[in-house]
Amino acid sequence: MTLPRSEPALEVIDLKKAFGGMMVTHNVSLAIRPGERRLIIGPNGAGKTTLFNQISGDMRPNSGEIRLFGSDVTQLPPYRRAHLGLSRTYQIITLFTGDTLEHNITLGLLGLRPSRWQMWRPLSFYRDLATEARRVLDAVGLLHLAGHPVSEIAYGEKRRVELAMALAQKPRVLLLDEPLAGLSNTERSQVKSLIASIPRQTAVIMIEHDMDTALDLAETVTLLNYGKVIVDGDRDAVIADQRTREVYLGV
Amino acid sequence: MKWIGAALLAAACLLPPLLAGDFYINLASQILIAAIFALSLNLLVGFGGMTSLGHASYLGVAAYLSALLTSRYGWGHGAAAVISIAGTTAMAAAFGVIALRATGLGFLMITLALSQVLWGLAYRMSDVTNGDNGIAGLTRPMPFGISLDSAASFYWFALAVAALAFAMMAIFVSSSFGSSLQGVRDQPRRMAALGFNPWMIRWITFIYAGFWGGVSGLMYVYYNKYIHPTALSTTSSAEALLGVIAGGSGTLGGPVAGAALVLLLKNYASAYVERWNMVLGLVFLFIVLVMPSGIVPGFGRLLAAWRRRWR
């Protein structure tokens, strides 16, 4: 594909979503450049996760448009968006608890490969999938647990599997929904360096409450409140903005 | 240990025709047929998380199609078998589109309703199906010119088909597609986000289960040489579902053990107790209370615990 350099990786145009009479996404517009590091902040109930759910396709907006690398995906189901290079993680850990870590990552790899339709050949025959899954686990420092079921590992490790499953797909746009939630300080710095090491081909959009850690990772920040974009721009400008203080400190 | 298990299984499969009388050989054949049926239902219930109460549709329709084509229209068994299976599979494709509009309880109710429609048709369309009289006087096929009329020869035939069915379904659930199916059962939303099409995966499984349901229906009508609307009844679907759950849904051995249990109880308990369904109910209750995940996983755990103690 020959796209002009300036084309956004992800573009959200005038998105609206209401639950009954309550507007949870209120004319939201965003443009994310390829490789950008964007942090989305806002108080609880600001509509951050709802916005993610619309971008990933789990939820349909009432109106507005979502574009991935220039193509309109507003009406596409989630799995079609995944094939266009979109990947996400969940705020509530969503893993295959009875399966091994390796199998979890393998499913992530399989999702984008035509061999996922293969019915006559055991999955274990695909040695390349296993090798790749173990390489991904190694990259997040969990190779030693590859053969353990997810139900047996610690919470912080599950967070990293959650991230690894998305990274295995080598997405071009990655949505991270509170990747640091519930982690201890040590785990937090592990996940932080993991996110920092995500290659630059991937645009990362992250919802996170832990500002100390998250702001280091972000280049640009969007502040949401009551479903509206309040401030949007370079990190330092958004932090310094008077409106940010109003939302967070009520001053 | 694994080899002992395999040897025991092989002995259990090979011995009936050598040692037992016709009654037991026939019972073994019935168990094999019920096992194919339960295995196919288990693809939906155990591996797909789609609890169906209408799986008798595929058994019954394949059996009726074969019965009608061979008796009324005088077709050969080969062509009749192909058309019966193809017709049943096509029906599964259509039923799947309807049933998969819902999940969970809604899915169960739609499968139940569709099978009730077929059951009603089998009863009421008596100029085609002979209604409550059923279709009698059917014959068994003669593959490669070998007669299947003796109990032993039919048993070998049933064993071969059951072994093939078991192998095909075992490969199916361990394949990439089988892993996708189990992923969609456990985390449909995550699977969609990873690039899998949950609906398509469920639909293809539904069709595949219908195909093997049809195969078991063919075997059923070959064995009985007779077909009656009860083959399409809810009882027929429920018995198989009971077998799958009692044996252990989502395992490969479970449906086989469950089907054997249901048929053994049916044949033995009914000789002593008039209300044998009550006995079946009590046994089922016992299993659910003591081994909620089914006989096969339950005994697996017992065996593991026993081995740990003796080590």
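Student: At what angle do helix H12 and helix H13 of chain B pack?
Tutor: One note before that: this is a predicted model. H12 (residues 253–272) and H13 (residues 276–290) of chain B pack at an angle of about 135 degrees. Their axes are 9 Å apart.

Student: What does that make H12(B) relative to H13(B)?
Tutor: That angle makes H12(B) oblique to H13(B).

Student: And is the crossing left-handed or right-handed?
Tutor: H12(B) and H13(B) cross in a right-handed way.

Student: Which residues meet there?
Tutor: From H12(B), take Val262(B), Leu265(B), Lys266(B), Ala269(B) and Ser270(B). They meet Trp276(B), Val279(B), Leu280(B) and Val283(B) of H13(B). By class, this contact of H12(B) with H13(B) has 7 nonpolar residues, 1 polar and 1 charged.

Student: Switching to chain A. What order do the strands take in the open sheet?
Tutor: The order is S2-S1-S4-S5 in chain A. Those 4 strands pair in an antiparallel way.

Student: Which strands stand at the edges?
Tutor: Strand S2 (22–32) and strand S5 (71–72) of chain A do. Each has a single partner strand, so one side of each has no neighbour in the sheet.

Student: How many bridges join S1(A) to S2(A)?
Tutor: There are 7 bridges between S1(A), residues 10–19, and S2(A), and the two run antiparallel. Leu10(A) sits opposite Ile32(A) of S2(A). Phe19(A) stands opposite Met22(A), also in S2(A).

Student: What lies between S1(A) and S2(A)?
Tutor: They form a hairpin, with 2 residues between the strands. In the turn, Gly20(A) has a positive phi of about 60 degrees.

Student: What about S1(A) and S4(A), how many bridges there?
Tutor: S1(A) pairs with S4(A), residues 63–68, over 5 bridges, again in the antiparallel sense. For one of the pairs, Lys16(A) has Ser63(A) in S4(A) as its bridge partner.

Student: Last topic: the two chains together. How many residues does each give to the contact?
Tutor: Chain B gives 19 residues and chain A gives 24.

Student: Which elements of chain B give two or more residues to that side?
Tutor: Helices H7 (151–174), H8 (176–186) and H9 (188–193) of chain B. The largest share, 6 residues, comes from H8(B).

Student: How does the chain B side split by class?
Tutor: The side of chain B that touches chain A has 7 nonpolar, 9 polar and 3 charged residues.

Note on methods. Residues numbered from 1 in each chain as written. Chains lettered and ligands numbered in written order. Predicted model: local features only at pLDDT ≥ 70, side-chain atom pairs only at ≥ 80, totals over all residues. Axes fitted to C-alpha atoms, helices over the stretch in contact; angles between N-to-C directions. Parallel < 35°, antiparallel > 145°, perpendicular 65-115°, else oblique. Left-handed = near helix turned anticlockwise from the far one by under 90°. Contact = placed C-beta atoms within 7 Å. Nonpolar A, V, L, I, M, F, W, Y, C, P; charged D, E, K, R; others polar. Pairing = 2+ DSSP bridges.
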